[in-house]
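Please read the briefing below alongside the sequence and the 3D view.

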Amino acid sequence: MAINVKGFKDSLLRSLPLIILIYVSISEFQTQFYYWKIFSFNLQFIIIYYWVLRDPSILGYGFIFLCGLVNDVVLSLNLGISPLSYLFVSLVAAYIRAATVRSTLISDWFTFVIAIMGGNFITFILIKNFSDVGVNYTDFFYNSLFTFILYPAFWSIFELYKRGISLRVYD
Amino acid sequence: MATSRDDFGIAIRSALLQRGAKQKFSLFALILASILIFTLDNLELKPVKVLRGVINDGVYRLSAISSSPISFASASKNFLSTHLNIYKENEELKKKIEVLEKDRFDTLYLQTENNKLQEVLELDKTTAYSTVGAKIMLDKNSPYLNSVIINKGSNVGIKLGMPVLSKGNLVGRTVEVNYISSRILLLNDLNSKIPAVISPSGEQAILSGIGQKNPTLEYLPDGFQNIDDLTVYTSGKDGVLFPGISIGKVINNEVDESRVKVKLFSDPNQILYVNVILDKSNDEEAK
């Protein structure tokens, strides 16, 4: 019984990034962190990039795809826009993982620029050409900028968390 | 050079096709699935639209439930700050009551005068609307859309483009209608364009959202004078919105003089309940 409880706790802890990703996609999280008319950031990009790069067993591509679909419904975008941009971020992360031997915060951070730019570019092009929704370019820019700036902070939090769950598993 | 190109190819192929630990789908398969879904959604086939409506209803309900802790925290913060400012607010309200008392007598006089004039002109006296009340389920501000989701849809007769009021003032119009939920595009959204008339001068303009708190007036006539106490109403020129719905006051102390901004009577970021105008009532209902 004790083993089962420990197993449940471990699987819950390992699923936490996925739970956060689903929650952020489905809730009003973005609205609550929209300050001073400029401050907003894309937590989904940060979560996806970090976990696909550092521990892909935590976050499945299928779940990333589903979270994208949910995000499209909640934001009233055409279905398929967010999954494509999230999967592009995953692709960049998976490529960096395959191409590099040892990743550091600095290397992760600067390659994250490619993921943000590519992901937002896909969103922007698809909205611009296939939807009637107007895009505020300034908001879009600030969103990308703050996502980039905040990455190291989340990297540190996730790194500590990853170490914590690794210690529990090998305990 | 050739080796580095080979390395790039191998790494990309590995990223796209390798499923790895605990991955049930490859990235390539999911990207194809996303493109397929995107294409089907863009074709706007009726079965896909119905399916999307069902998904929307389900996701909105789920989203409202999952957002409740955040909404509760936000409401608690507002509640506390309101209580801290209660003395100051009380003083302001007393002053406002004095002004309103005076206005009430002015209004009564004008109403009587208006009734008399209408009798003379035999104008249509219909002023009230048939509305349906709805609660805001989700308040989503994003870089793409300033909109809210309400808990009523086509089940109570809501249709696309219907005007939405909060405390009797226009706050937006419906842009997406599902069976038990609808999306309201707020007046301050970048995509919102409403034909408006400015009172008392009677000048016509288009009220456009610019993604900020206050929308602006566009296509104003040459020589427009931004004087005190200009009120903006819907003009009804688009044939969709009814004329004479109050929107807001023109701001004339704005530093940015290139834009004429309008302070909305109902702050779109503070609304909790709205009324969707279904139709104009007939004279009997209006009475």
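Buried means under 20% relative accessible area, exposed means over 50%, and partly exposed lies in between (1.4 Å probe, protein chains only). By this rule B:Asp41, at 12% relative accessibility, is buried. This is a predicted model, in which local features need pLDDT of at least 70 and side-chain atom pairs count only at pLDDT 80 or more, while totals for chains, interfaces and linings use all residues. Residues are numbered from 1 along each chain as its sequence is written, chains are lettered from A and ligands numbered from 1 in the order in which they are written, and side-chain values use heavy atoms, with hydrogens and water left out.

**Where chain B meets chain A**

- Counting a contact as heavy atoms within 4.5 Å, 50 residues of chain B touch 51 residues of chain A.
- The area buried between the two chains is about 4,400 Å², and carbon and sulfur atoms give 66% of it. Buried area here is the accessible area (1.4 Å probe) that two parts lose on being put together, summed over both.
- Eight residue pairs, both at pLDDT 80 or more, are in polar contact between chain B and chain A. A polar contact is a pair of N or O atoms within 3.5 Å; within protein, one must be able to donate a hydrogen and the other to accept it, and residues adjacent in sequence count only if both atoms are side-chain atoms.
- On the side of chain B that touches chain A, at least two residues each come from helix 1 (2-17), helix 2 (27-43), helix 3 (46-84) and strand 1 (129-141) of chain B. Helices (H or I, at least four residues) and strands (E, at least two) are DSSP runs, numbered from the N terminus.
- Helix 3 of chain B gives the most to this side, with 13 residues.
- By class, this side of chain B has 27 nonpolar, 16 polar and seven charged residues. Ala, Val, Leu, Ile, Met, Phe, Trp, Tyr, Cys and Pro count as nonpolar, Asp, Glu, Lys and Arg as charged, and the others, Gly among them, as polar.

**Salt bridges**

- A salt bridge is a side-chain nitrogen of Lys or Arg within 4 Å of a carboxyl oxygen of Asp or Glu.
- A:Arg54 pairs with A:Asp108 in a salt bridge, with the closest N and O atoms 3.9 Å apart. A:Arg54 is in helix 3 (residues 43-54) of chain A and A:Asp108 in helix 6 (residues 105-130) of chain A, 54 residues apart.
- A:Asp108 is buried, at a relative accessible area of 0%.
- B:Arg52 and B:Asp41 form a salt bridge at 3.0 Å, N to O. B:Arg52 lies in helix 3 of chain B and B:Asp41 in helix 2 of chain B, so the pair ties together parts 11 residues apart in sequence.
- B:Arg52 also counts as buried, at 13% relative accessibility.

**Strand 11 of chain B**

- Four of the five residues of strand 11 (residues 260-264) of chain B are buried, so this strand is largely enclosed by the rest of the structure.
- Strand 8 (residues 216-218) of chain B pairs with strand 11 of chain B in the antiparallel sense over two bridges. Two strands pair if DSSP finds at least two bridges between them.
- Strand 10 (residues 246-250) of chain B runs antiparallel to strand 11 of chain B, and three bridges join them.
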